[in-house]
Structure formats: structure tokens, C-alpha cells
Amino acid sequence: MKLYVMFISKRQNSTLQPTGGTEYDVFLKQDTSIINPTFIIDSNNLNLNVNYCRCTDTGRYYFIRDIICRNDHIYELVCEIDVLASFKAQIVAKTANIMYAADSTANIVDRRIPVQAGLT
């Protein structure tokens, strides 16, 4: 499997799909999840200052939650799926009607709230 590992500053609730990163050949840890996988890297030049990765084989983006150092340049990257980046195409393709606004806004009229006008 190919994994692109990088350090990025990305908000948790963002559909940003980062590109680039350092490419590694990785393996999935035995009996691991595709949603929250653990990738195994055999490399003597892994930058430990990373927090994000993209797996081309699964087509998903992941936050790196932990890096476990094993013996002889073996590293385990414990990851958690970035749902918004991974499924950006499906999210953008959807149409939706917003029925109610959680906050007051001029763009989305919430007809349940009566309009108040001051009289002078």
C-alpha cells in the first residue's frame, strides 16, 4: 500500500484534501480497521513530526493520533479517519434544504421566530 505522510494545519471540521507528503510503502497491522487503521512503516528516515496521511489504496484521509516505535526502524501509525476529507465528493454533490437555523442570521429566515419591530 502507498501512504503519503505529512504535517498540516487543518481544522477538524474541514473538507480540505491535502496533497503532497512523503510517500511510504506500508502494511496494515493484522486485524485492523479500515476506518481507524494502524499502518506499519519500515523506514529509517520517517519524520516523527507528522499528523496526517493519505492512503491511495483505500482512497481515504486520516489524522495520525499516535506513532509507536518498534524495534529496528519499524513504526506503527495509529490513525483515525478524516470523514469530511475522505467523502468530500459525496458531500459536495448533495443538495439540502435548511429548514431551521441554529443561530440568528439574515440569510436563513426561521419563520418560527416572530419578527420584532420597535415602535416609537
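How many salt bridges does a search of the whole structure find? The search finds six, a salt bridge being a side-chain nitrogen of Lys or Arg within 4 Å of a carboxyl oxygen of Asp or Glu.

1. Basis of the note. This is a predicted model, in which local features need pLDDT of at least 70 and side-chain atom pairs count only at pLDDT 80 or more, whereas totals for chains, interfaces and linings use all residues. Residues are numbered from 1 along each chain as its sequence is written, and side-chain values use heavy atoms, with hydrogens and water left out.

2. Glutamate 23 and lysine 2. These two residues form a salt bridge in which the closest N and O atoms are 3.3 Å apart. Because glutamate 23 belongs to strand β2 (residues 22-28) and lysine 2 to strand β1 (residues 2-6), the pair ties together parts that are 21 residues apart in sequence. Strands here are DSSP runs (E, at least two residues), numbered from the N terminus. Glutamate 23 is partly exposed at 40% relative accessibility, and lysine 2 is partly exposed with a relative accessible area of 31%. In these terms, buried means under 20% relative accessible area, exposed means over 50%, and partly exposed lies in between (1.4 Å probe, protein chains only).

3. Aspartate 25 and lysine 2. Lysine 2 also meets the side chain of aspartate 25 in a salt bridge, at 2.6 Å from N to O. Aspartate 25 lies in strand β2 and lysine 2 in strand β1, so this contact links parts that are 23 residues apart in sequence.

4. Lysine 29 and glutamate 76. A further salt bridge brings together the side chains of lysine 29 and glutamate 76 (3.5 Å, N to O). Since lysine 29 lies in the loop between β2 and β3 (38-42) and glutamate 76 in strand β6 (residues 74-81), the pair ties together parts that are 47 residues apart in sequence. Lysine 29 is partly exposed, with a relative accessible area of 34%, whereas glutamate 76 is buried at 8%. As for shared partners, salt bridges join Lys2, Glu23 and Asp25 into one network.

5. The barrel. How are the strands arranged in the closed barrel? Six strands run in the order β1-β2-β3-β6-β5-β4, with antiparallel pairing. The twist from one strand to the next averages 45°; axes are lines fitted to C-alpha atoms, and angles run from 0 to 180 degrees between N-to-C directions.

6. Individual strand pairs. Two strands pair if DSSP finds at least two bridges between them. Strands β1 and β2 run antiparallel and are joined by four bridges; valine 5 has threonine 22 in β2 as its bridge partner. Three bridges pair β2 with β3 in the antiparallel sense, and leucine 28 stands opposite phenylalanine 39 in β3. Four bridges join strand β4 (residues 52-55) to strand β5 (residues 60-69), again antiparallel, with tyrosine 52 opposite phenylalanine 63 in β5.

7. Cysteines. The count of disulfides is zero, a disulfide being a pair of cysteine sulfur atoms within 2.5 Å. The closest cysteine sulfur to that of cysteine 79 belongs to cysteine 53 and is 3.8 Å away, too far for a bond. Cysteine 79 is buried, at 3% relative accessibility.
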